[in-house]
Every structure is written in C-alpha cells, then in structure tokens.
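This report covers strand pairing, nonpolar packing, selected loop and helix residues, and salt bridges.

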Amino acid sequence: VLGHVNGQRNVTRVALDAGLDPDDTLAIVERLTRIGVLKMRGRRPRTARLVARLGDIDLAAGVAGLAPGILNTWQRATGAPPERIACRRQDGKVLVFRASPVDGAGPYIRFSRDTLFRSDLAANEALLVRPVLKHG
C-alpha cells in the first residue's frame, strides 16, 4: 500500500493501483495513520478564478500578488504556505509564478509590467489559479 501512496491519490485509487479491496485498503490506511506512518491531508486547495491586473505596487519579475486571504486558505488546506502558483489560461496553457501576498488584491492577481509582458498576459485576462504542491 505504501508504495502507491503519493499524496495525490485517494484511498480508492490506491486500492485499485495496488490490486486490493478498497475496504481492506481503508483499514490499512487507518492503521498506518493511527501509528503515525501516514498523515491524511485535509482538503484539496480550491482553484481561484482571478483576473490579471497590473500591480500598483512593486512586484519582482516572475512574482504574482494575491490577496492574503486566498494564500491563507490554501495554507490551511495544504498545511504549508504556497510558494508557487499555477495559472491556467483560457487556451489551456499553464504559467507558474512565485506567490506573494498583496493587501487589497481582492479577486485580482497582480503582476509587474515586466511579468505581464514576458508571460504574454493581458490585463483583465481571467486565470484559474491554484497552489503548486510540493512533493517528496
């Protein structure tokens, strides 16, 4: 069972990959969790729909400014502060940026002029944003 656990799969997926009964796998996972070998992750971080804007504060190149409340919610869901975020454009292309809290960002994701230009992002472009989870 441990060989199939990667932090992304749920118990049913682990059972299917291991060729085991889901109920038996659940019992094994519960035992491993009780003795501290495994730690169950709480919720999955929610995807935020944010609108790209030119930041009115100085942001370094490659940095995205988000509302602290969004970053805090992701931290509670993942157990660690998000350092990087993935932004999916409407055409399916995914861009990754370092995350930084920006007071008053609200439903917007703030970028420097340089980052908007280098990433070929347009102001007012809607993006689906979620934290990049560390593995390993």
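The sections below go through the model by topic.

## Basis of the model

The model is predicted: local features need pLDDT of at least 70, side-chain atom pairs count only at pLDDT 80 or more, and totals for chains, interfaces and linings use all residues. Residues are numbered from 1 along each chain as its sequence is written, and side-chain values use heavy atoms, with hydrogens and water left out.

## Strand pairing

Helices (H or I, at least four residues) and strands (E, at least two) are DSSP runs, numbered from the N terminus. Two strands are taken as paired if DSSP finds at least two bridges between them.

Strand S3 (residues 84–88) pairs with strand S4 (residues 94–101) in the antiparallel sense, over 5 bridges. In this pairing arginine 84 stands opposite arginine 98 in S4. The hairpin of S3 and S4 has 5 residues between the strands, and glycine 92 in it takes a positive phi near 95 degrees. S3 is also joined to strand S6 (residues 126–131) by 4 bridges, again antiparallel. Isoleucine 85 has proline 131 in S6 as its bridge partner.

S6 pairs with S1 as well, in the antiparallel sense and over 4 bridges; valine 51 has alanine 126 in S6 as its bridge partner. S1 and S5 run parallel and are joined by 4 bridges. Here alanine 52 stands opposite isoleucine 109 in S5.

## Nonpolar core

A nonpolar core is a set of buried Ala, Val, Leu, Ile, Met, Phe, Trp, Tyr and Cys residues joined through side-chain atoms within 4.5 Å. Buried means under 20% relative accessible area, exposed over 50%, and partly exposed in between (1.4 Å probe, protein chains only). The largest core has 24 residues, and those with the most contacts inside it are Leu66, Ile85, Ile109, Phe111 and Val129. The elements giving two or more residues to this core are S1, strand S2 (63–66), helix H3 (68–78), S3, S4, strand S5 (108–111) and S6. In soluble globular proteins, nonpolar side chains tend to be buried together.

What does isoleucine 109 contact, leaving aside its neighbours within four places in sequence? With contact taken as heavy atoms within 4.5 Å, its partners include Leu50, Val51, Ala52 and Arg53, Ala64, Gly65 and Leu66, Ile85 and Cys87, and Leu127 and Val129.

## Surface patch

Leu2, Val5, Ile35 and Val37 form a nonpolar patch on the surface, with about 360 Å² of accessible area together. Patches are made of residues with over 30% relative accessible area and no salt bridge; like charges are joined within 9 Å, and nonpolar side chains (Val, Leu, Ile, Met, Phe, Trp, Tyr) within 5 Å. Accessible areas come from the Shrake-Rupley method with a 1.4 Å probe, and for residues only the protein chains shown count as cover.

Valine 37 is placed in the loop between helix H2 (22–34) and strand S1 (48–54). Valine 37 counts as partly exposed because its relative accessibility is 46%.

## Selected loop and helix residues

Alanine 60, in the loop between S1 and S2, is partly exposed at 44% relative accessibility. Not counting residues up to four places away in sequence, alanine 60 touches Arg98, Ser112 and Thr115. Serine 112 lies in the loop between S5 and helix H4 (113–118) and is buried, with a relative accessible area of 10%. With the same exclusion, serine 112 touches Leu54, Leu59, Ala60 and Ala61.

Threonine 25 is in helix H2 and is buried, at 1% relative accessible area. Beyond four places in sequence, threonine 25 touches Val1, Val11, Val14, Ala15 and Leu20.

## Salt bridges

The structure holds 3 salt bridges, each being a side-chain nitrogen of Lys or Arg within 4 Å of a carboxyl oxygen of Asp or Glu. Glutamate 125 and arginine 89 meet in one of them (2.8 Å, N to O). This pair links distant parts of the chain, 36 residues apart: glutamate 125 is in the loop between H4 and S6, and arginine 89 in the loop between S3 and S4. Glutamate 125 is buried at 15% relative accessibility, and arginine 89 is buried at 12%.

Arginine 13 forms a salt bridge with aspartate 17, with the closest N and O atoms 3.0 Å apart. Both lie in helix H1 (residues 11–18), 4 residues apart, about one turn of the helix. Arginine 118 and aspartate 114 also meet in a salt bridge (2.8 Å, N to O), and both lie in helix H4, 4 residues apart. Arginine 118 is exposed at 67%, whereas aspartate 114 is partly exposed at 29%.
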